[in-house]
Amino acid sequence: MGILRNNESSDDGNDVVAEMMEMIETVGSYTNFRRTQRKECLKLVRRLKLLIPLLEETKEMNQVIPTRAFQSFLHLKKALLSAKKLLKQCNFGSKIFLALEGDAVMCRFHSVYDKLNEALDGLMYEGLGITEEVHEQIELLQRQLQGAKRRTDTLDIELAMDMMIIFSKDDERNADIAILERLAKKLELSSVGDLEIETVAVKKLVKERGTTKHVESTEQIVDLLKKFKKVAGFDENNNGNINKVLEDSPSLRCFDRCLSLLVPHEFLCPISLEIMTDPVIIATGQTYERENIQKWLNSNHRTCPKTGETLSHLALAPNFALRNLIIQWCEKNNFELPKKESYMMSEDQNAFIDEVSLLVQDMSSSQLSTQSQAVEKIRMLSKENPENRILIANCGAIPPLVKLLHSANQKVKEHSVTALLNLSLDEANKRLIAREGAIPAVIEVLQNGTDEARENSAATLFSLSMLNENKVMIGCLKGIPPLVKLLRNGSIRGKKDAATALFNLSLNQSNKTRAIKAGIIEPLLHLLKEKSLGMVDEALSILSLLAKQPEGQTGIGQLSVIETLVGFVKDGTPKNKECATAVLLELGLNNSSLILAALQYGVYDHLVELSKTGTSRAQRKANALLQQMSKCEHIL
């Protein structure tokens, strides 16, 4: 049984339908979508699967299909090819690239939705004899596709801000270890296996892009990969060109060697994908490298990484049988096991815990000098690495640190808030710090502490505000006015920390109003004028959020501000143009007279140019603003 078309055999139709069903089956088998696009990918796959009943019924038809309907099937096939290509990149492509080009990738999703809708609109369901049930399912799919295009993107703000900082040449925090660690965790590039796979993906990306196009963004991607590897402990001293950096990675050579020897899969740790030297069995019966599973458990995880099952106990039992098999295999294949000295590492860890436990006691001492020395040492230890932050919290350091925020000694308060900032970089610690009542005390230090303490208090509030419940609490506890004050009067670093915190807090609706009432607009507009401070992008990003509020529109929608924004669209950096266009768009959506003002200041031609040559987000915002202008017929 096959579908027929006028003057055609059934083979063409059968082939088209079979190819489409195969494509949907293929994308349905993808299981490694990158975190930045995972949600959108899974939704698209689910929507594509709604096409299966239509294709199956069509395959069973034995009738002449109108040419127009057949052409629609061909269009549908092309749309599915676009979807498959996009999903394949999101499954196998560079994680750094997909995060950096998030807006452009989302535009590709929207393009796929348009192509699918256009193809489905052309199908003549009655003529095909499709059942009413399938027809209703396709109509549901089309409504979902249309809704997906209207949906406002929900960005991972911490990820976006960290990317902005790391890629900024002028921000002194662009090599900050804590930010790099957090970013690596967000992009799932912390383990050896993930970094090796990313190296291969970046190498392929460099080859595809060549040496003439997208040079700047390609260099950014490679540079960030090198930073991630450095943080993870790789020794890469080669600072040559892009291809040489990737080809000369010692870790990649080691990985290739491991692959060439075809190490049995059961000899590899499921966490690191490296051959195990000290395999241990956990409660679920799964085996892991001792060092890796211990780090997992120290991070407050209580589940099996491989199965997801909750662990009934945390004991680790040596897997002597597997270790003997690994040793035998290594001897037979002349493979040298890496030397990890796990016993010494465990001994060092125990010594560290003993040291921190004594420091925690000293922080409660009645002697100021003892308190001061202990809290300063905790501050330094909490800065060094993620494991330290977990162990310090587990040793009970957070309650005395919060208590010391009320110390009469300014230096003790400074060390305490900075230590809490370092500890808050761990997700679990964010909740622990808030539960201990730290937020009011941090706000008090923000108001009355030393300059450095105020700066670190602002950074602490930003870190804690990653949790939505903390955004609300910081706003209710009047943490926004002192942040605005720091934005107005602080040092450059203080202004940057305040701006970062205020941007994140302003994602909450009530906090937008609080920030406006606290007078945030005036210092933001000042930052636009004082370009030498290098905070134009931060100011514009916050203004784009506040422009959604009626009271914000009143403060921002002044002719002098519109002229300044147009100036950035004309002559600013690529990021300036992008952010300024975003603010103009928010203002123009609610007040057509502001669109007229922007046009009078000569924005139109620059928007047209930006829609073609700007960053991916700038192009999207410019096109939206041009579309809004076209609706205002009395203006144009």
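In the predicted model, F92 has a relative accessibility of 48% and therefore counts as partly exposed, since the partly exposed class lies between the buried limit of 20% and the exposed limit of 50%. Y30, by contrast, counts as buried, with a relative accessibility of 12%. F33 is likewise assigned to the buried class, at 3% relative accessibility. Y30, F33 and F92 together make up one aromatic cluster.

A pair of aromatic rings is characterised by the distance of the centres and the angle of the planes. Four aromatic pairs are present in the structure. One of them joins Y30 to F33, with 6.2 Å from centre to centre and 85 degrees between the planes, an edge-to-face arrangement. Between Y30 and F92, the ring centres are 5.5 Å apart and the planes stand at 85 degrees; this pair is therefore also edge-to-face, because plane angles over 60 degrees fall in that class. Y30 is located in the loop between helix 1 (10-28) and helix 2 (38-49), whereas F92 belongs to helix 4 (residues 67-92), so their pairing ties together parts that are 62 residues apart in sequence.

A further contact to an aromatic ring involves a charged side chain. The charged end of R47 is placed over the ring of Y113, at 5.7 Å from the ring centre.

Helix packing was examined for helix 23 and helix 26. Two packed helices are described by the angle between their axes and the distance between the axes. Helix 23 (residues 438-448) packs against helix 26 (residues 480-489) at an angle of about 30 degrees, and the two axes are 9 Å apart. The two helices are therefore roughly parallel to each other, because angles under 35 degrees are classed in this way. The crossing of helix 23 and helix 26 is left-handed. On the side of helix 23, the residues in contact are I443, L446 and Q447, which meet P482, L483 and L486 of helix 26.

At the level of the whole protein, the secondary structure consists of 36 helices and five strands. The protein has 636 residues, of which 50% count as buried. Of the contacts between residues at least 6 apart in sequence, 69% join residues at least 24 apart.

Note on methods:
Residues numbered from 1 in each chain as written. Predicted model: local features only at pLDDT ≥ 70, side-chain atom pairs only at ≥ 80, totals over all residues. Heavy atoms only, no water. Phe/Tyr/Trp six-rings, centres within 6.5 Å; stacked < 30°, edge-to-face > 60°. Buried < 20%, exposed > 50% of the residue type's maximum accessible area, 1.4 Å probe, protein only. Helix = DSSP H or I, 4+ residues; strand = E, 2+ residues; numbered from the N terminus. Lys NZ or Arg CZ within 6 Å of the ring centre and 35° of its normal. Axes fitted to C-alpha atoms, helices over the stretch in contact; angles between N-to-C directions. Parallel < 35°, antiparallel > 145°, perpendicular 65-115°, else oblique. Left-handed = near helix turned anticlockwise from the far one by under 90°. Contact = heavy atoms within 4.5 Å.
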